[in-house]
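These are my notebook entries on a two-chain model. I kept to what I could look up in it, and I noted the cut-offs as I went.

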Amino acid sequence: MRRLLFMVWKELLELRQDKRMLPIVFVAPILQLVVLGYAATTDVKNVPMVVADADGSSASRELVQTFDASPYFTVASVVRSVNEVAPYLESGHAWMALSIPVGYGELVGAGRPTTVQLIADGTDANSTNIALGYATNLVASYAQDLLAARLPGGRMPAGLTADVRVWFNPQLESKDFMIPGVLALLLIVMTVVLASMGIVREKETGTLEQLNVTPLRRWQLIVGKLLPYGLIGMIDIFLVVGVARFWFRVPLLGSFGLLFALSLVFLLSTLGLGLFVSTISENQQQAMMTATFFFLTPMIYLSGFVFPIENMPAVIQPFTYLIPLRYYLVIVRGIFLKGVGMNVLWPQALALLTWGLAILGLATLRYSKRTA
Amino acid sequence: MRKALAVGKKEFRQIVRDRRTLMILLFIPVFFLLLYGYALNFDIRRVALAVGDRDNSVESRALVSAFLNSGYFDFAGSVRSSEDLGRAMDGNVVRAALIIPENTGRLVRRGQPAPVQVIINGDNANTAATVMGYAITIVRSISAGFIVEQRGLNLTPPIAIEPRIWFNPELRSTLFLVPGLIGFIGMITATISTALSVVKEKERGTWEQVRMAPINTVSYVVGKTLPYLGISLVSAMGIIVAAMGLFDMPMRGSWGSLLLATGLFLLGALGTGLLVSTIADSQLVAFQVTLILAFLPTFLLSGFIFPIQNMPRPIQIVTYAVPARYFLVALRGIVLKGVGIATIWGHLAALTGYAVVVLGLASVRLSRERG
């Protein structure tokens, strides 16, 4: 036990020696979460529009005003003809163009049907889809008001209405969905990096031989290597959860104790992963590439962090079960947004634990072959 | 110049000797594009809808079938109780629910307001917003149908919309994501390839030899960068061509401007790596700084997935320092919109500026270190 403590102490001393290290492991996650937390929003608001108002009547200006007044659209410029809109869409200064034909005001005034054209830049398919939905509903309800004014009684006859309720995220803020994800991402980035360079660094500088001849047992060596990183990870958990809860005000509906405990299980898998990378690499450059390309990148893309897993092709979906971040995301989002407990999350917790133990075991095996 | 070439040649030989690294630099990008380009999309699939029809009238059944026939929803079961629904929503078996209260049909026939409840799982705000739009449109059009049928009023809406979608008419999210992936992969590969170059020599103790070598700093920087520029340009153009073959990415602009934009972008990325390498004291720190400066921002702050214009103003200012931001506008403009240099020159200028600044800073740091 005392030997183990010495090993931990040695690692901590080494980490402290690098004067850029401490700010990076403690300050960077906070800064990153603040910046990235604001950035990671898929909300569609203030879509810049260019209006081609060929009619120039008071009726057409009223329609333009309706768009500009909506939180979803901002009228960036008004031109006279639909032929002038192309440069705006090509340069990206406008994402959508509304074209109002000549004679629009007259037709609307006479109560006869007319058509306006909406030209959307389809490059960002997702945002375009949402923005088109908003635009369609906006024009439909404006048209309904015009229609109602001419009906007996001046209003639409009552009928079915949709009373929409959004659960878990009533304001439909993608923030609440994304920030727990960014939090998980930061934890993984900080800890995988530390652990992946851990053993290979000693290999490269030639000090691994010295460690091997010490009377430390293999497991003590590995635990001694990982414990300091685990400590750093634990502090990082407090920091990022604090920022998410108190700075971004993401509601933490479930228990913090459970979140912390399961985060530790998650750290087990990320540290194990890092260590595994460290044992299969010859030098730090290889470790860096292996960790980034084969572990960090797939985690970001295939974990369901931004890209819904149910959208992936059926061939790819089974592979996402190999990604520990997948389980942790369900855990973080579940505890934060839904307030669920162990009775719902136990399969994820179990999967994470199995994953962590398996990868640690694998890393230990690899390590022993090397020293034997 | 000859000295720069000599450094370049030495660096190149070192790259070729480390097989694993070379393979990673050349082939991983294509593999990534294949995997992620295929795996990722935002297309909204059918939503699993639970139905609670407590009215069971002609009108309520018409509404339910309008939802299920819209092509946006899949029937996922009937709702018996609210606990039932709660459990199904918690477990993600159901993503939305339509609840029609008793007497809805009678209220509609009498011309009285009849609210029906639509419940949506909001944990993915984006999907929820789209689903909400669908639901409102369906209810509105069914309701108008009832009114026309029962009162004989003419309710043709006075304004119709004719939507047209340019550049990506089928709204395939793949066409949006693939250029982003190209930018991401290019940035990561290029930055990583230089990020350890200087600090590695420092850690191994070969730095003294570099210090004493009779070459000036600029030739050293050029020599360190050139071989990687060659390799990463080859692999970047490779993935662009692969994207066109595999994912039907169009090429509406000119190859010349594409090559120029890609080259400038990669130069900036390599410079970023070199700068990190001159600042860091150990390879561990260099790795961490690379992830913080290149990996995460290119993913989150470049407009790859999250539109920059939705971000708060201070964060938008931060994104001006992310080179991928300019590259993505240029790349999407060239391949999807067919724009020429005249439209994107501002972005190309920004890429040039970024490359000059990072390479300049790296040279300054280096010459200081070499004393």
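Before anything else I wrote down that two strands pair if DSSP finds at least two bridges between them, and that strands (E, at least two residues) and helices (H or I, at least four) are DSSP runs numbered from the N terminus.

**Conventions.** I am working with a predicted model, in which local features need pLDDT of at least 70 and side-chain atom pairs count only at pLDDT 80 or more, while totals for chains, interfaces and linings use all residues. Residues are numbered from 1 along each chain as its sequence is written, and chains are lettered from A and ligands numbered from 1 in the order in which they are written.

**Strands.** I began in chain A, where strand β3 (residues 96-100) and strand β4 (residues 114-121) pair in the antiparallel sense over four bridges, with S99(A) standing opposite Q117(A). I then followed β4(A) across to the other chain, where eight bridges join it in parallel to strand β5 (residues 159-166) of chain B, and V116(A) stands opposite I161(B).

Within chain B, β3 (residues 96-100) is joined to β4(B) by four bridges in the antiparallel sense, and A96(B) is partnered with I120(B).

Six of the eight residues of β4(B) are buried.

**Interface.** Counting two residues as in contact if their C-beta atoms, placed from the backbone, lie within 7 Å, I found that the interface takes 105 residues from chain B and 100 residues from chain A. On the chain B side, helix α6 (residues 125-151) gives the most, with 17 residues. That side divides into 68 nonpolar, 23 polar and 14 charged residues, where Ala, Val, Leu, Ile, Met, Phe, Trp, Tyr, Cys and Pro count as nonpolar, Asp, Glu, Lys and Arg as charged, and the others, Gly among them, as polar.

**Cores.** I used nonpolar core for a set of buried Ala, Val, Leu, Ile, Met, Phe, Trp, Tyr and Cys residues joined through C-beta atoms within 7 Å. The largest has 170 residues, and A39(A) and L183(A) have the most contacts inside it; helix α7 (residues 174-205) of chain A gives the most to this core, with 19 residues. Leaving aside residues up to four places away in sequence, L183(A) touches L33(A), V240(A), V241(A), A244(A) and V332(A). A second, separate core of 65 residues includes V51(A), F67(A), L147(A) and A96(B).

Domain bounds come from an automatic or database domain assignment, which divides chain A into domain 1 (2-41 + 173-371) and domain 2 (47-154), with 49 Å between their centres, taken over C-alpha atoms.

For chain B I counted 15 helices and five strands. Its radius of gyration, taken over C-alpha atoms, is set against a globule rule of 2.2 Å times the number of residues to the power 0.38. The value for chain B is 28 Å, well over the 21 Å that the rule gives for 371 residues, so chain B is more spread out than a compact globule.

Note on methods
Buried ≥ 20, exposed ≤ 12 C-beta atoms within 10 Å, placed from the backbone.
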